[in-house]
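The following note sets out numbered points for a colleague reviewing a structural model. It is meant to be read alongside the sequence and the coordinates.

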Amino acid sequence: MGLRDSIEYIRHREKELRLFNLDSTDAIHEDLRSYFETLNVRITVDRTASGKPEGVAVLSNAAEVLAVVDVATLRELLEDAPTGAGQFGIADGKYEDILRHLKETSFTSYDTEQLLYASREIEDRARRVGQGTIHAGFQQCSVMAEQRSVYTDLARRGVAVHAYGVPDATPPDFGSGHVHAVSTAEIAETWFVVSDGGGDDTQKTALVARENDDIGFHGILMYDPGFVDHLLAHLNQTYDS
């Protein structure tokens, strides 16, 4: 599975968050749809014949139930959550039982600003770890110059940098970083940042976005270490990284 195929694969791994036996005046499902709109989660409301249990939410995929939580917990999550482009990165604490299943899947977006925020998050993680490898696809070598300072700094801090782009111009110098100037369709069409987390599975992250003439970019942000490893293997094998 290449970079472009990985986006379609994630799009078809939708999860469902089903809310059971809500009060008829409770509109939390609408708030949850807004909150989870980029997380590939479908929100539904259902009522059992007995009306029991009340206020329970079940997160599942096509194969299994992933988590069961009180709707009250979801209400607290909405109250505690930050707003803005970075909300998908909130982690944890008492909401980890449900959020970890979402983080392991994907953040999906057609919003270029959100995708840019995601790429900055991955670069910041790599900078903090200070080791390992980061792979960044810029589509064209001419675009690399705009991020030269970011990736030169990563290389200086001990991160092995691999940059990819179609050779439409002379690529910039990334210090010890390596530039892969290659003319392939997936490099020309995809924007990606993939970090191996310096060997720490909890820090492995990948952004892959594909350009579309009608909508700009559609992308995924992946926290699943197994899927990140798959992307890393593809890049290493395909481009001798």
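1. A nonpolar core is here a set of buried Ala, Val, Leu, Ile, Met, Phe, Trp, Tyr and Cys residues joined through side-chain atoms within 4.5 Å. The model under review is predicted. Its largest nonpolar core holds 24 residues, and the members that touch the most others are I134, Y151, L154, W191 and L207. At least two residues of this core come from each of α5 (112–129), β6 (133–140), α6 (141–144), α7 (148–156), β7 (160–166), β9 (190–195), β10 (205–212) and β11 (216–222). Another core, of 19 residues, lies apart from it and includes L22, V41, I43 and I98. As background, nonpolar side chains tend to be buried together in soluble globular proteins.

2. On the chain as a whole, the secondary structure amounts to nine helices and 11 strands. Of the 241 residues in the protein chain, 49% are buried. Among contacts between residues at least 6 apart in sequence, 67% join residues at least 24 apart.

3. Which residues does L154 touch, once those up to four places away in sequence are set aside? They are E123, A126, R127, I134, V159 and V161. Of these, I134 is itself listed with L154 among the core members that touch the most others.

4. The largest pocket has a volume of about 270 Å³. Its lining comprises 16 residues, and L116, F138, V143, Q147 and W191 lie nearest the centre. The elements α5, β6 and β9 each give two or more residues to this lining. By class, the lining consists of nine nonpolar, four polar and three charged residues.

5. V228 is located in helix α9 (residues 225–239). Is this residue buried or exposed? V228 counts as buried because its relative accessibility is 0%, and the cut-off for burial is under 20%. Leaving aside neighbours within four places in sequence, V228 is in contact with V194, S195, K204, T205, A206 and M222.

6. G219 is placed in strand β11 and, with a relative accessibility of 0%, counts as buried. The C-alpha atoms of G219 and A118 are 9.9 Å apart in space, while the two residues are 101 apart in sequence.

7. Strand β3 (residues 56–60) pairs with strand β4 (residues 65–70) in the antiparallel sense, over five bridges. The two strands are joined by a hairpin of four residues. Within this pairing, V58 has V68 of β4 as its bridge partner.

8. The peptide bond from K52 to P53 is cis, with omega near -10°; P53 is in the loop between β2 (41–46) and β3. N21, which is not a glycine, has a positive phi of about 55°. This residue, N21, belongs to the loop between β1 (15–20) and α2 (28–35), and it is buried, with a relative accessible area of 5%. Q139 also has a positive phi, near 75°, in a residue other than glycine. Q139 is in strand β6 and counts as buried at 13% relative accessibility.

How values were computed
Residues numbered from 1 in each chain as written. Predicted model: local features only at pLDDT ≥ 70, side-chain atom pairs only at ≥ 80, totals over all residues. Heavy atoms only, no water. Pairing = 2+ DSSP bridges. Buried < 20%, exposed > 50% of the residue type's maximum accessible area, 1.4 Å probe, protein only. Contact = heavy atoms within 4.5 Å. 1 Å grid on protein atoms, 1.4 Å probe; cavity = no way out; pocket = protein on both sides within 12 Å on 5 of 7 lines; lining within 4 Å. Points joined across faces, edges and corners; volume = space filled by probe spheres on them. Nonpolar A, V, L, I, M, F, W, Y, C, P; charged D, E, K, R; others polar.
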